[in-house]
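I'm opening my notebook on this one and jotting down what I look up as I go. Here is what I had on screen.

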Amino acid sequence: MNALTIAAYGVLAVGMAVLSMEPPHTTPLWPMVGLGLSGVAVLAYRHRYPRLAFVGAMVFAMLSLAFGSGAESLLAMIAVYTAGVRRSASTAWLCFGIAMVCGGLGALALSVRGSIGPPILGLQPPIDPRDSVLDWANIYLVIAVVLLIATLLGTNVGHRQRHIGELVDRAERLARERDQQAEAARALERERIAREMHDVIAHSLSVMIAISDGAHAAAAERPDEAKEAIARVAETGRRTLGEVRRLLGSVRGSTGAEHSPQPDASQLTALVAEFVAAGLPVRLDVTGSASTDPALGLTVYRIVQESLTNVLRHARRVKWVTVSVRWMADEVTIVVQDASSAVGASTNSGRGILGIQERVALYNGEVQAGPHEDGGWRVYARLQREDR
């Protein structure tokens, strides 16, 4: 684009120089050559040195009206147009004001030149005396109109380009925010699936191991009981496989009837029965009306499941385990406590308690987990109900 502008200016400068050199009223050649080369330099470096190029355009335009062919007036038009495109509106109109001052001086130089010669473009000088003030006013009016049009065009194009640039920048920023939100959602989903997988697999394997140990011990003397235990192991394995398939299906985005539904608080009795079958003396106590929110029901189920799994895996010589779930109007509390051998301080470490804390945090609740004064372990969780 810059090369095209220079080429257009060069054609104009050469054409006006040819007209200015026609006899009998000729303009000296060397001022026009010098101004032409200076104009090419201004156009070539106007993007690299915009301020210096603007000053040069104003100066060479005035000198051209005084001594040259007037072709360098195009430099002033290009300068104010470029200021409107590339600068803010206030800066563009400041450049317009400077150009108007320079245009007034150029109009004065051209009106004086018409009186003392040589006339511009080789035109015949007037024979009758003319009003110099009127001549200056007419010339200045033309210059002002041309500069105003160039400034208006430049500011309009510049505003449109800046508006498009802002739209593009906003679109790119929104795209980045969308990608960040998608990545955060993927991270949360991976965390949720990891938590679910931990609860399902840890619980099922602990129950299956406990039942298998009992079946192995009873295989020789009580084969019928051993067979029943092995059947429970198989049933637990099939149910676990169904839940794992459901979780993996949610990752792949597939749906189907083969995926088992999510457990909820209504299945706490069946959950406790599994641990009883595994040899854990558990007693369940549920009071109040259970929540109709499936997510809250799943959370309560998983907290009880994880707490009992920890007892089954870590506790020794368990005398009893109590599970108390109290549904109240605005919250639900869960207490899982066992009477067993004293536990070490390191028992609180592990992924299970962290998973419980993450689940409870979703409902603005609190968790307390640790050994109690009578020995054994106690987990207390309180969750806010959102279905009231």
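Predicted model: local features only at pLDDT ≥ 70, side-chain atom pairs only at ≥ 80, totals over all residues.

**Entry 1**

As a reminder to myself: side chains of opposite charge can pair when their charged atoms come close.

**Entry 2: more salt bridges**

How many salt bridges does a search of the whole structure find? I got four.

One of them joins Arg 178 to Asp 179, with 3.4 Å between the closest N and O atoms. Arg 178 is exposed, with a relative accessible area of 53%. Asp 179 has 43%, so I put it down as partly exposed.

Then I looked at Glu 366 and Arg 382, whose side chains meet in a salt bridge at 3.2 Å, N to O. Glu 366 belongs to strand β4 (residues 366–371) and Arg 382 to strand β5 (residues 377–384), so this pair ties together parts that are 16 residues apart in sequence. Glu 366 is partly exposed at 32% relative accessible area. Arg 382 is buried at 17%, because the cut-off for buried is under 20%. I also noted that salt bridges with shared partners join Glu 331, Glu 366 and Arg 382 into one network.

**Entry 3: aromatic rings**

Next I went after the rings. A pair of aromatic rings is described by the distance of the centres and the angle of the planes. The structure holds three aromatic pairs, and I wrote up two of them.

Trp 93 and Phe 96 pair edge-to-face, at 5.4 Å centre to centre and with 85 degrees between the planes. I call that edge-to-face because the angle is over 60 degrees. The two are three residues apart in helix α5 (residues 89–116), so about one helical turn lies between them. Trp 93 is partly exposed, with a relative accessible area of 35%, whereas Phe 96 counts as buried at 15%.

How are the rings of Trp 136 and Tyr 140 arranged? Their centres are 5.1 Å apart and their planes make an angle of 10 degrees, so this pair is stacked. Back on helix α6, these two are four residues apart, which again means about one helical turn. Trp 136 is partly exposed at 31% relative accessibility, and Tyr 140 is partly exposed at 22%.

**Entry 4: Thr 155 and its neighbours**

I stayed on α6, which runs over residues 132–218, and picked out Thr 155. Thr 155 is buried, at 14% relative accessible area. What does Thr 155 touch, not counting residues up to four places away in sequence? I found Gly 84, Ala 92, Trp 93 and Arg 162. So Trp 93 turns up in my notes again, this time as a contact of Thr 155 as well as the ring partner of Phe 96.

**Entry 5: one side of α8**

In helix α8 (residues 268–277), I listed the buried residues: Leu 268, Leu 271, Val 272, Glu 274 and Phe 275. They cover an arc of only 150 degrees around the axis, so they are on the same side of α8. Just after α8 comes Gly 279, which takes a positive phi of about 100 degrees.

**Entry 6: a nonpolar patch**

Which residues make the nonpolar surface patch of about 530 Å²? They are Met 21, Leu 29, Trp 30, Val 33 and Leu 37. Leu 37 is in helix α2 (residues 29–44), and at 60% relative accessibility it counts as exposed.

**Entry 7: the whole protein**

I zoomed out last. There are ten helices and five strands. Of the 388 residues, 38% count as buried. The protein exposes about 21,700 Å², and carbon and sulfur atoms supply 62% of that. For contacts in the protein with a separation of 6 or more, residues 24 or more positions apart account for 72%.

Technical notes. Residues numbered from 1 in each chain as written. Heavy atoms only, no water. Buried < 20%, exposed > 50% of the residue type's maximum accessible area, 1.4 Å probe, protein only. Arc of directions from axis to C-beta. Contact = heavy atoms within 4.5 Å. Patch = residues over 30% accessible without salt bridge, like charges linked within 9 Å, V, L, I, M, F, W, Y side chains within 5 Å. Areas by Shrake-Rupley, 256 points an atom, 1.4 Å probe, with all protein chains shown as cover. Phe/Tyr/Trp six-rings, centres within 6.5 Å; stacked < 30°, edge-to-face > 60°.
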